[in-house]
Amino acid sequence: MKTLNDHTILYDAECPMCNLYTKAFVKTRLLDAHGRAAYQQLGPQNCPMVNRQRAVNEIALVNNKTGEVTYGIKSLFKILANAMPVFRPLFGFAPFVWLMGKAYAFVSYNRGVIIPTAGDGFALQPTFLLRYRLAYLVFTWAVTSYILTLYAGLLQGIMPVGSLYREGLICGGQVIFQGIIISLIANEKKWDYLGNMMTISFGGGLLLMPLLLLAGLIGQHPIFYAGYFMLVAGLMFLEHIRRSKILNIGWTLTITWAFYRAFVLAVILFI
């Protein structure tokens with residue numbers, strides 16, 4: 001694959017995902033050895049043609065010879081098209097670029113709640129766009145509810161098997177319940193907290209997938225599946241504590257998060 005020389009990609013040093021894939025570009029020689037730099041380390045005199053706030057939102061690729069700058073998915077496509085020219089027509093196909101641009105923005109504008117970090121106080125931070133946060137909440141709610149509906153079937157015999165409607169109501173109910181609590185104690189952090197909370201739920205759902213895929217081989221062992229479910233719930237609880245510390249919101253939301261889940265479980269089992 002051909003190296004894109006004399007170009008520098010400006011990544012977010014506070015974003016583990018950005019750090020990982022830009023480092024991979026250099027290691028696989030899609031970019032040269034000096035082809036990446038953290039925008040936090042750029043002085044005012046460097047890359048004068050770069051729109052700093054836009055580069056925070058959409059990863060920027062700078063042509064070091066001409067000063068030309070591309071942003072977001074177009075930056076990634078420029079690197080990939082240079083390495084794999086056979087895909088150049090696809091990367092230039094407007095509907096595909098638009099669709100991938102939306103997917104890129106979906107991840108980019110939610111990256112702070114997908115993999116949060118404490119940050120280093122850099123003045124420019126990703127712009128918050130409510131439509132992308134709402135889309136993220138809906139996406140994680142829908143996928144998590146579906147996975148839980150499937151997993152509930154493995155628990156048949158020790159708890160009532162529910163429907164997608166039930167799991168969707170439970171998952172969505174927690175968003176509303178926790179949304180009310182966070183609005184009362186730290187309203188300015190509401191959307192960040194809800195995004196983090198649904199990432200935890202989504203991650204928990206993904207951890208259940210291996211047993212769903214292997215259930216045909218494992219057989220009907222509801223106690224085993226319930227034990228694994230409790231293990232995942234425990235990991236989710238610990239992750240909630242960790243993310244709450246990053247958000248600096250104290251213990252209240254962790255307590256109400258656990259209370260809601262315990263209350264719902266009691267309702268399912270005994271009512």
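This is a short tour of one predicted model, stop by stop.

**Before you start**

Numbering starts from 1 along each chain, as its sequence is written.

**The whole chain**

The C-alpha trace spans about 70 × 45 × 30 Å along its principal axes.

Of the 271 residues, 42% count as buried. Buried means under 20% relative accessible area, exposed means over 50%, and partly exposed lies in between, with a 1.4 Å probe and protein chains only. The chain exposes about 14,600 Å², and carbon and sulfur atoms supply 69% of that area. Accessible areas come from the Shrake-Rupley method with a 1.4 Å probe; for residues, only the protein chains shown count as cover.

Now think of contacts, meaning heavy atoms within 4.5 Å. Among contacts with a separation of 6 or more, 67% join residues 24 or more positions apart.

**Stop 1: the rings**

Colour the aromatic side chains. Rings of Phe, Tyr and Trp (its six-membered ring) pair if their centres lie within 6.5 Å; planes under 30 degrees apart count as stacked, over 60 as edge-to-face and the rest as tilted. By this rule there are 14 aromatic pairs. Select Tyr109 and Tyr132. They form a stacked pair, 5.3 Å centre to centre, with 10 degrees between the planes. Tyr109 sits in the loop between helix H5 (94-108) and helix H6 (111-114), Tyr132 is in helix H7, and the two are 23 residues apart. Both Tyr109 and Tyr132 are buried.

Next, select Phe77, Phe87, Phe91 and Phe96. Ring pairs link these four into a cluster.

Then go to Tyr11. Arg36 lies over the face of this ring, 4.1 Å from its centre. The rule here: NZ of Lys or CZ of Arg is within 6 Å of the ring centre and within 35 degrees of the ring normal.

**Stop 2: Leu154**

Leu154 is in the loop between helix H7 (130-152) and helix H8 (164-186). Is Leu154 buried or exposed? It is buried, because its relative accessible area is 11%. Leaving aside neighbours within four places in sequence, Leu154 contacts Leu211, Leu212, Ala215, Pro222 and Tyr225.

**Stop 3: Arg166**

Arg166 counts as buried, because its relative accessibility is 18%. Beyond neighbours within four places in sequence, its contacts are Ala152, Met159, Pro160, Val161 and Ile268.

**Stop 4**

Leu247 belongs to helix H10 (residues 222-247). Its relative accessible area is 15%, so Leu247 is buried. Setting aside neighbours within four places, Leu247 touches Lys189, Asp192, Tyr193 and Asn196. Leu247 and Asn196 are 51 residues apart in sequence and 9.4 Å apart in space, C-alpha to C-alpha.

Step on to Asn248, in the loop between H10 and helix H11 (252-270). Asn248 is exposed, because its relative accessible area is 62%. Its phi is positive, near 60 degrees, in a residue other than glycine.

**Stop 5: Arg29**

Finish in the loop between helix H1 (16-27) and strand E2 (36-38), where Arg29 is found. Arg29 is not a glycine, yet its phi is positive, about 65 degrees. At 62% relative accessibility, Arg29 counts as exposed.

Technical notes. This is a predicted model: local features need pLDDT of at least 70, side-chain atom pairs count only at pLDDT 80 or more; totals for chains, interfaces and linings use all residues. Side-chain values use heavy atoms; hydrogens and water are left out. Helices (H or I, at least four residues) and strands (E, at least two) are DSSP runs, numbered from the N terminus.
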